[in-house]
Amino acid sequence: MTVMVTGGAGFIGANFVIDWLAAGGEPVVNFDKLTYAGNLENLAALKGNPAHIFVQGDIGDYAEALKLFTTHRPRAVLNFAAESHVDRSIHSPGEFIQTNIVGTYHLLEAVRAYMATMSAAEKTAFRFLHVSTDEVYGSLSFDAPAFTENHTYEPNSPYSASKAASDHLVRAYHHTYGVPVLTTNCSNNYGPYQFPEKLIPLMIHNALNGKPLPIYGDGLNVRDWLYVGDHCTAIRAVLAGGALGETYNIGGWNEMSNIDVVHTLCDILDREAPRKDGASYRTQITFVPDRPGHDRRYAIDATKIDHALGWKPEETFETGIRRTVRWYLDNETWIGNVTSGAYRDWVAAQYR
Ligand code: NAD
Ligand code: TYD
């Protein structure tokens, strides 16, 4: 028995694969294109582990995906692979359309062809789990109720629109072709191995390097933060017990404004790695022009997954963010390696 994880060299995928194998899960075929966001260093802990089979490739490569399916015969495919950064989607939407929409379509087609080779028992056991985001629901006003699974899809960025399209394709392949799908829509994650283009690792990295901490707009945009390890346990719960064709919202019950997140980070760093001049990292905070079309607030109502599958987050923001800052302080080599070359070009273009 194996499972296939796509995008398992990225932030959430790598955490998922590491946690899955640590929890005694079946061997994993990890299928990842290794874009700028994919990094084999994230999987260094699995070096030499025969239960981890890494294959570099594109989910849009139908023939390669089908070959892997028929060779390894996974009992589940977990699709994490995506272009995932909103700011990059504003600069170059094409890659988001290509991977998130066209790539998911080719992967689903390969799954359909693979299913034609399955026995009845294999078909009954098989699952395609699609990892998606709360951003497909659009933006909430400050006093609106949190997103439930019944909220309309109102994506506002090229990233969220491409993820919404992929969710619709997954749904359609269930209704039309009987592919046994599960979809999860999760809020903002943070934790080890997150590429320092996203808010939390970018702020830690900039703070420690004496650079400005760039807050978009007024800093009052709200996100619902979840520790990545909790996202991984939620996905395992949905894979094990989710009802076919259903979607499950995953969130941390933890809404915070961006400025509060950055203040919290500065305060932890002031204690854990104080500046040599004794000043607070808060002095590095700089307000910069807003992201175009910046969604004001995301918030997840995670009642369904709690009631149906008994899942709740284990980390509070206080415990999760302290673990996360500690990880970045203890893993300077990782940060140093991922922030070379192409990363510098991105930062120069984005924060010009
Ligand atoms: P990430 O950008 O860190 O990693 C994406 C991974 O996918 C990388 O390893 C990359 O090499 C790989 N990849 C990209 N294009 C590919 C392709 N065409 N074929 C194969 N592999 C490809 O992203 P992440 O933050 O780990 O997010 C993983 C998934 O979770 C995404 O689908 C994202 O939409 C979703 N999600 C992310 C968050 C978050 O806060 N990061 C929240 C909710 C949902
Ligand atoms: P991000 O981590 O890019 O996630 P998403 O856009 O998917 O929610 O951004 C989180 C929030 O932080 C979002 O409101 C944008 C804001 N932000 C900044 O204020 N400055 C930054 O440099 C970055 C990267 C994000």
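This is a predicted model: local features need pLDDT of at least 70, side-chain atom pairs count only at pLDDT 80 or more; totals for chains, interfaces and linings use all residues.
Local features were considered at pLDDT of at least 70 and side-chain atom pairs at pLDDT 80 or more, whereas totals for chains, interfaces and linings use all residues. Residues are numbered from 1 along each chain as its sequence is written, ligands are numbered from 1 in the order in which they are written, and side-chain values use heavy atoms, with hydrogens and water left out.

Polar contacts, defined as pairs of N or O atoms within 3.5 Å, include one at 2.7 Å between an oxygen atom of ligand 2 and an N or O atom in the side chain of arginine 223. A side-chain N or O atom of asparagine 188 lies 2.9 Å from an oxygen atom of ligand 2, and a polar backbone atom of leucine 199 is 2.9 Å from an oxygen atom of the ligand. Taken alone, ligand 2 exposes 510 Å², of which the protein buries 98%, as computed by the Shrake-Rupley method with a 1.4 Å probe.

Ligand 1 is surrounded by 28 residues, the closest being Ile12, Asp32, Ser84, Tyr159 and Lys163. Helix H1 (11-22), strand E5 (127-133) and helix H6 (158-177) each contribute at least two residues to this shell, and E5 gives the most, with 3 residues. The shell around ligand 1 consists of 12 nonpolar, 12 polar and 4 charged residues. Oxygen atoms of ligand 1 are placed 2.8 Å from a polar backbone atom of isoleucine 12 and 3.0 Å from a polar backbone atom of phenylalanine 80, while a nitrogen atom of ligand 1 is 3.0 Å from an N or O atom in the side chain of threonine 99. Of the 830 Å² that ligand 1 exposes when taken alone, the protein buries 97%.

The structure also holds 19 aromatic pairs, a pair being rings of Phe, Tyr and Trp (its six-membered ring) whose centres lie within 6.5 Å, with planes under 30 degrees apart counted as stacked, over 60 as edge-to-face and the rest as tilted. The rings of tyrosine 36 and phenylalanine 195 have centres 5.2 Å apart and planes at 75°, so this pair is edge-to-face. Tyrosine 36 lies in the loop between strand E2 (28-32) and strand E3 (52-56), and phenylalanine 195 in the loop between strand E7 (189-190) and helix H7 (199-208), 159 residues apart. Tyrosine 36 is partly exposed, with a relative accessible area of 27%, whereas phenylalanine 195 is buried, at 9%; buried means under 20%, exposed over 50% and partly exposed in between (1.4 Å probe, protein chains only).

Conventions
Helices (H or I, at least four residues) and strands (E, at least two) are DSSP runs, numbered from the N terminus. A polar contact is a pair of N or O atoms within 3.5 Å; within protein, one must be able to donate a hydrogen and the other to accept it, and residues adjacent in sequence count only if both atoms are side-chain atoms. A residue is near a molecule or strand if one of its heavy atoms lies within 4 Å of it. Ala, Val, Leu, Ile, Met, Phe, Trp, Tyr, Cys and Pro count as nonpolar, Asp, Glu, Lys and Arg as charged, and the others, Gly among them, as polar.
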